[in-house]
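Visitor: I would like to learn how to read a structure like this one, beginning with a pair of strands and then moving to the inside. Could you guide me through it?

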Amino acid sequence: MLSVVICVGSSCHVRGSDAVAATFERLIAEGGLADQVELVGAFCMDACSMGVSVRVGEKVYRGVTPEGAETFFQDEVLSRLPA
Ligand code: FES
């Protein structure tokens, strides 16, 4: 199970973490990935100035945007799943 953790701290919330989470949820549902990807929320990851912070596995990405969420998911989440 790959964990995808979205920061829902106040700064990331203002920058659209809800929209990022909604996009990830949709892509997980559409792809039938619920048994492979665990989506969870977490509080501040100490990168507040850079946009929405997302951790995939052990790696933290900063500056994820609602507009870029689908591309991010494809590039950084789907690519890590077993084929
Ligand atoms: S609120 Fe998200 S990194 Fe600080």
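Guide: Please keep in mind that this is a predicted model.

Visitor: How many bridges join strand β3 to strand β4?

Guide: Four bridges join them, and the two strands, β3 at residues 52–56 and β4 at residues 59–64, run antiparallel. To follow the pairing residue by residue, look at R55, which stands opposite V60 in β4.

Visitor: And how do side chains point along a strand?

Guide: As a general idea, side chains in a regular strand alternate between the two faces of the sheet.

Visitor: Let us go inside, then: is F24 buried or exposed?

Guide: F24, which is found in helix α2 (residues 17–30), counts as buried because its relative accessibility is 0%, and the cut-off for buried is under 20%.

Visitor: Which residues does F24 touch, if we leave aside those up to four places away in sequence?

Guide: F24 touches V4, I6, L39, V54, A69, F72 and F73. By way of another distance to trace, F24 and M45 lie 21 residues apart in sequence and 19 Å apart in space, C-alpha to C-alpha.

Visitor: Which residues touch the most other members of the largest nonpolar core?

Guide: That core has 24 residues, and V20, F24 and V54 are the ones that touch the most other members. The elements giving two or more residues to this core are β1 (2–7), α2, β3, β4 and α3 (69–77).

How values were computed. Residues are numbered from 1 along each chain as its sequence is written. This is a predicted model: local features need pLDDT of at least 70, side-chain atom pairs count only at pLDDT 80 or more; totals for chains, interfaces and linings use all residues. Side-chain values use heavy atoms; hydrogens and water are left out. Two strands pair if DSSP finds at least two bridges between them. Buried means under 20% relative accessible area, exposed over 50%, partly exposed in between (1.4 Å probe, protein chains only). Contact means heavy atoms within 4.5 Å. A nonpolar core is a set of buried Ala, Val, Leu, Ile, Met, Phe, Trp, Tyr and Cys residues joined through side-chain atoms within 4.5 Å.
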